[in-house]
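Open your viewer, get your selection tool ready, and let's take a walk together. We will go stop by stop.

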Amino acid sequence: MIELVKPSEEYKESFIEAMREFQSEGQERYMKLNLSELESDFEQFLGEIDDREKGINLLEGRVPSSEFWVVDGNEFIGGVYIRHKLNETLLKKGGHIGYHMRPTKRKMGYGTQALRLALPIAKNLGIQRVLITCDDDNLGSMKIIEKNGGILENKIEHEGKFKRRYWIDNK
Ligand SMILES: CC(C)(COP(=O)(O)OP(=O)(O)OC[C@H]1O[C@@H](n2cnc3c(N)ncnc32)[C@H](O)[C@@H]1OP(=O)(O)O)[C@@H](O)C(=O)NCCC(=O)NCCS
């Protein structure tokens, strides 16, 4: 059964295994993650996630964001990131919600369900109109957004690539 959960030690082994998959495919977000450090100090890693939610030690230009893990039973499937508000950059690229599913678990419906489960959480954070962006050639993400009620506002060029900008009414 798919669930969105708060990151926790419980999924450590499965999470690290998934990170190996993401690094093999070159997933930008995780390329700098040192897996042996993660193995030895998972607690610190979890603490950093917690800080990002509370807006502590944010990198320049970042807004507070909540991270949830998509799990099925005790297996880590992917991550969902809910940014509490938009800034100028997120308004063009990034939006309120981002997600990725581990390479070996794609095209199984997890992405679609993960966004479905994230919307009420965003609502609780006060986000009544959710912006989600994706690359113009990311068919999987496009389908996920459209199946969750996303309405395409426009496509804009960002660093040489076209991005689709969708809004979901989340009242
Ligand atoms: C995009 C991504 C999240 C899709 O996750 P997923 O779990 O495979 O999504 P789903 O299984 O719910 O698929 C949704 C639909 O898209 C289709 N789809 C998924 N990946 C696809 C792909 N690479 N090419 C074509 N169609 C694809 C599925 O078949 C499904 O179609 P259907 O509704 O007609 O059955 C996943 O590929 C991923 O993590 N990619 C890397 C990170 C990324 O791009 N994140 C999104 C940033 S906006």
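In which strand is Lys-163 found? Select Lys-163 and you will land in strand S7; helices (H or I, at least four residues) and strands (E, at least two) are DSSP runs, numbered from the N terminus. Before going on, note that this is a predicted model, where local features need pLDDT of at least 70, side-chain atom pairs count only at pLDDT 80 or more, and totals for chains, interfaces and linings use all residues. Residues are numbered from 1 along each chain as its sequence is written, and side-chain values use heavy atoms, with hydrogens and water left out.

**Stop 1: a lysine and an aspartate**

Stay on Lys-163. Is Lys-163 buried or exposed? Lys-163 is buried, because its relative accessible area is 10%; buried means under 20% relative accessible area, exposed over 50%, and partly exposed in between (1.4 Å probe, protein chains only).

The side chains of Lys-163 and Asp-135 are joined by a polar contact of 2.3 Å. A polar contact is a pair of N or O atoms within 3.5 Å; within protein, one must be able to donate a hydrogen and the other to accept it, and residues adjacent in sequence count only if both atoms are side-chain atoms.

Asp-135 has a relative accessible area of 17%, so Asp-135 is buried. Select Lys-161 too: its side chain makes a polar contact of 3.0 Å with the side chain of Asp-135. Not counting residues up to four places away in sequence, Asp-135 touches Met-142, Lys-161, Phe-162 and Lys-163, where contact means heavy atoms within 4.5 Å. With that same exclusion of residues up to four places away in sequence, the residues that Lys-163 touches include Lys-92, Asn-154 and His-158.

**Stop 2: helix H5**

Next, select residues 110–124, which form helix H5. How many residues does H5 have? H5 has 15 residues and reaches 22 Å from its first C-alpha to its last, close to the 21 Å expected at 1.5 Å a residue. The expected span of a helix is 1.5 Å times one less than its number of residues.

Colour the buried residues of H5, among them Tyr-110, Ala-114, Leu-115, Ala-118 and Ala-122. An α-helix has 3.6 residues a turn, so residues three or four places apart point the same way. After H5 comes Gly-126, with a positive phi near 90°.

**Stop 3: the nonpolar cores**

Which residues touch the most other members of the largest nonpolar core? Among the 25 residues of this core, they are Val-80, Ile-97 and Tyr-99. A nonpolar core is a set of buried Ala, Val, Leu, Ile, Met, Phe, Trp, Tyr and Cys residues joined through side-chain atoms within 4.5 Å. The elements that give two or more residues to this core include strand S1 (2–5), strand S3 (75–83) and helix H6 (139–147). H5 gives the most, with six residues.

Click on Val-80: leaving out residues up to four places away in sequence, Val-80 touches residues including Leu-4, Phe-68, Ala-114 and Ala-118. Apart from this core lies another, of 18 residues, among them Val-5, Leu-35, Leu-46 and Phe-76.

**Stop 4: the ligand**

The ligand is surrounded by 20 residues, and the closest are Met-101, Lys-107, Gly-109, Thr-112 and Lys-147; a residue counts as near if one of its heavy atoms lies within 4 Å. Which element gives the largest share of the shell around the ligand? That share, six residues, comes from H6.

- A nitrogen atom of the ligand lies 2.9 Å from a polar backbone atom of Tyr-99.
- An oxygen atom of the ligand lies 2.8 Å from a polar side-chain atom of Asn-138.
- An oxygen atom of the ligand lies 2.9 Å from an N or O atom in the side chain of Lys-143.

**Stop 5: two loops**

Finish with Lys-107, in the loop between S4 and H5. Lys-107 is exposed because its relative accessible area is 88%. Its phi is positive, near 55°, in a residue other than glycine. Most residues other than glycine have a negative phi.

Then jump to Asn-57, in the loop between H3 and S2. Asn-57 also is not a glycine, and has a positive phi of about 55°. At 69% relative accessibility, Asn-57 counts as exposed.
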